[in-house]
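Work through the exercises below with the coordinates open. Each task is followed by a solution in steps.

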Amino acid sequence: GPEALVPNHNDNPPSGDKRYLLRPEYVESLFIMYRLSGNQEFQDLGWEAYQSLERYCKTDLGYTGINDVYNADDSERIDHMPSYFIAE
């Protein structure tokens, strides 16, 4: 998902920061919700997030963020892999 959203019912997609900076909190939250609830939907969303990371963020030397999650196929990659991505 995007780094930040600014709710506005007229925007599609929503305005705000459209970058994805390899933050692990979303996947971590899905894992916790799956473990607490046993709901397969959370596990499926986690798998979808993993597949998206592999498709859009993986490089020959690691992983990188992207500038526009709403246009990921054509999005410019951010030449940066923060240490927290592999540390958490």
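**Exercise 1.** With which residue does Asp 17 form a salt bridge, and how far apart are the closest N and O atoms?

Solution. The model is a predicted one. Step one: the partner of Asp 17 is Arg 19, and the closest N and O atoms are 2.6 Å apart. Step two: the cut-off for a salt bridge is a nitrogen of Lys or Arg within 4 Å of a carboxyl oxygen of Asp or Glu, so the pair qualifies. Step three: Asp 17 has a relative accessible area of 23% and is partly exposed; Arg 19, at 31%, is also partly exposed.

**Exercise 2.** Classify the accessibility of the two residues in the salt bridge between Glu 54 and Lys 58.

Solution. Step one: the side chains of Glu 54 and Lys 58 meet at 3.3 Å, N to O.

**Exercise 3.** Which parts of the chain does the salt bridge between Asp 73 and Arg 55 tie together?

Solution. Step one: the closest N and O atoms of Asp 73 and Arg 55 are 3.1 Å apart. Step two: Asp 73 sits in the loop between β1 (65-66) and β2 (77-78), while Arg 55 belongs to helix α2 (residues 40-57), so the pair links parts 18 residues apart in sequence. Step three: both Asp 73 and Arg 55 are exposed.

**Exercise 4.** How many salt bridges does the structure hold?

Solution. The structure holds three salt bridges.

Methods:
Residues numbered from 1 in each chain as written. Predicted model: local features only at pLDDT ≥ 70, side-chain atom pairs only at ≥ 80, totals over all residues. Heavy atoms only, no water. Buried < 20%, exposed > 50% of the residue type's maximum accessible area, 1.4 Å probe, protein only. Helix = DSSP H or I, 4+ residues; strand = E, 2+ residues; numbered from the N terminus.
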